[in-house]
Amino acid sequence: MSKKLIIFLTLLIPVLTGIAVFVTPELSQKVGIAPPETVYKQSDETSNIEKPCSNEHPDWRPAQLIDGVAIEEAPSCEPDNPYNVAASVKGTNNVSMATLMQTDLSDDALIMGDDLDNDGDPDVIHIKLEVIELNGSSPDGDFLINTYDIGPGIQPGLWVFAPKSRGMALKNFNSMVANPLLRAPSPTIRVEQGDKVYITLENTHYLPHTIHLHGVDHPWQTSKGEDNDGMEEHPVFPGENHVYEIQPRHSGTMFYHCHVQTAQHFMMGLSGMFVVEENQPNNWVQTFNIGAGQVRHPSVAVKKAYSQEYDLFYQAIDKKLAQIIQGANDPRLIAKRMSRDYNMTESFENYFLLNGHSFPYTLRDSVIVAADKENIKLRIVNAQRSSVALHFHGHKATVTAYDGVDQPAGLQLTRDVFDIAPAQRIDLSLKTQNDGLNSYGPGLWMFHDHVATGTTTDGMEPGGNMAILAYKPLIDEQGMPKMHEEFLNEVFSKDYYGKKQAVWNTGDFAHLLGEAGLFAPDYLRIIVFGLATGLIIGLLVLITLVYKRKQQ
Amino acid sequence: MKRLLMLSLLMLGVIGPASAAMSHDGMLMDEKGMIMNANSDRLPADCPKISENVDINIHAGRKHALKFNGKMFAFDQQEWNVKPCAKINITFTNDDQIRHQLMIHGLPGYLYPQGMFHLELYGAGELKASLIVPSTKKTYLVHCELTQHMEKGMKAQLKVDGGDGDLPSIPGISKPVKADVYEVDWSQMTVAVLLICVLLGAAVPLFVMRNK
């Protein structure tokens, strides 16, 4: 090879480098006259879009009488199973086999015993609770088992206390979905003041747990001298059971939770509402309110003063904590990652739930349905790590009790934001009197935590614990809000909460506020850059080889 | 399943208080537990007669997981072998204070509704029930279906005529499909062994050249 040619080729390298630098392709590009077009990215998978209401059990909605138990109307899309309500009122030992067969409760889940004070209701109550894992892992494949969606496509690992059940934990043979008894939150438990209550924790889970009866009148030790406070140092290990004994003298809205590795187990979902109802004659209370929400068989005292009663249970989930149980099957690994690797002081709350669901699922089973001139009792627990600032649109409610203790009349404040500390309970009286103070009139009024994170689902708005207080004429026969079809179709979507879809991708504004598309790649630039770079590499190799040969 | 149970109950006209034991061909249920789809006399279509009578004791509980690492619940055995058309008389014992089940899946639906044989004990105790297996060479899944019980070790297999392979994640028998990941115990010694081997490997060509 001639010397001249080598010099030419060597000089060509800086020239090519200059070209390559000039035409370097870019990952993002400044716009010229024409920005990219709007992309209408609707999912190809129709399974990502859900029906707002599947209307599975319309027969569960009307008021009905089952085994002599009067069950109030529940107009929502997903009303509570009235057979569960009947069994929760009479006990699994007193309902008919036909009723029990309509539930997933075991025969010994709730045994109602003697009427000690001869006032027409049972006073010895045996309650059995199991510990259930939802959205757990399986060594048999890359899937979750006993799934429970808190919102469209959202399946964080959860633990709950559940009434003792029987049979299959899956809904059916062809699915991984948990049976409907197994859900968040842990059920509200209702007993009557003065009842002798025996709560058996049957630890069906693979880690130790306890039940601590927070705020419920209970002796520190059982009659046998065993632990009765559910503290960390008295864990109930897997496969074992323990009976907690109480005879509460004081009525009110209380709380229960696991007190083992409390910060983590509490946030995994092992907490629920515990209500002690006033002692009244012939007072058969609804022992389990599965999924919290509307109380379809309120107690005698509540019925005297109120038209309806709802239990509202607020909880939050840290997705990093929830993922731990989905990442391994060896209990030792899970225990290590949860107790020692995970650091609660560096945690976040990502999901916010009202009665086990985030918006829009709250519309299915946590709607408060009201008529004009009602007085509705709301019992509220904050089981989050952070405070709740509960706000009702269109209403000012009145707080009647804090932590299960009635407020004196002069201290029953009427407000539109209620600050609820973690583990705190408040009782509210919500009047639908259209007088400009209690209520501004009929509507589909939102109610939600006004702390900004509370209405988001992993940062996606609207989500979290947003729910509605709906006046009857404004909901359809399936319990869903009228006049909102387009909006509901948008948010009942896995893509919406997967953040794959523009927020205002509908109607006239779809073009104006839809997804901005991408620039088409500039292939001329890419080809020139590629060729120039390739040529530089080739020339370097060639020159090196020639140089070496000459040296020899 | 519920509809089926209801139908059988309605047919028998025995709807009454739940505490009374309910019995029927397909199921027996009381406050201690339940038996579903037991079969001690109906032969599968492919079996002219019962080939053998096998008595099997199966224990369930936490203590049976002690012989494995990284499990919490288990049966006392993980595999049973029977001949085609065998009649298996199971005594199922729950050694824990919680609920456990013994479910066998994949059986013929005309004898075992939904292909399932199911024993359940609500706490410590014992149940006895029989089933007759068909002649097909097959491996049946045996497990407890409570949330996370199979996943944490309560899984076994019943092999008829030697079975048609092993099911995954049976403790002590087969590998999981989705395996847990554990760290390897690297110490100074391990690092030293590695470095020495690297040096030795590098020395091999030098040694060979010198001797040529």
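**Core and chain contacts in a predicted model**

The largest nonpolar core holds 159 residues, and A:Ala86, A:Val160 and A:Phe274 touch the most other members. This core lies between domain 2 (79–343) and domain 3 (361–513) of chain A, because both give residues to it. The model is predicted. Chain B also touches chain A, with 38 residues of chain B in contact with 43 of chain A.

**A:Phe274**

**A:Leu390**
- A:Leu390 sits in strand β19 (residues 388–392) of chain A.
- A:Leu390 counts as buried because it has 27 C-beta neighbours inside 10 Å, and the cut-off for buried is 20 or more.
- Not counting residues up to four places away in sequence, A:Leu390 touches A:Ile380, A:Val417, A:Phe418, A:Ile420 and A:Asp449.
- A:Tyr314 is 76 residues from A:Leu390 in sequence; in space the two are 10.0 Å apart, C-alpha to C-alpha.

**Chain B against chain A**
- The contact involves 38 residues on chain B and 43 on chain A.
- Helix α1 (residues 2–12) of chain B gives the largest share of the chain B side, 4 residues.
- The chain B side that touches chain A divides into 17 nonpolar, 9 polar and 12 charged residues.

Terms used
Residues are numbered from 1 along each chain as its sequence is written. Chains are lettered from A and ligands numbered from 1 in the order in which they are written. This is a predicted model: local features need pLDDT of at least 70, side-chain atom pairs count only at pLDDT 80 or more; totals for chains, interfaces and linings use all residues. A nonpolar core is a set of buried Ala, Val, Leu, Ile, Met, Phe, Trp, Tyr and Cys residues joined through C-beta atoms within 7 Å. A residue is buried if 20 or more other C-beta atoms lie within 10 Å of its own, exposed if 12 or fewer, and partly exposed in between; C-beta atoms are placed from the backbone. Domain bounds come from an automatic or database domain assignment. Two residues are in contact if their C-beta atoms, placed from the backbone, lie within 7 Å. Helices (H or I, at least four residues) and strands (E, at least two) are DSSP runs, numbered from the N terminus. Ala, Val, Leu, Ile, Met, Phe, Trp, Tyr, Cys and Pro count as nonpolar, Asp, Glu, Lys and Arg as charged, and the others, Gly among them, as polar.
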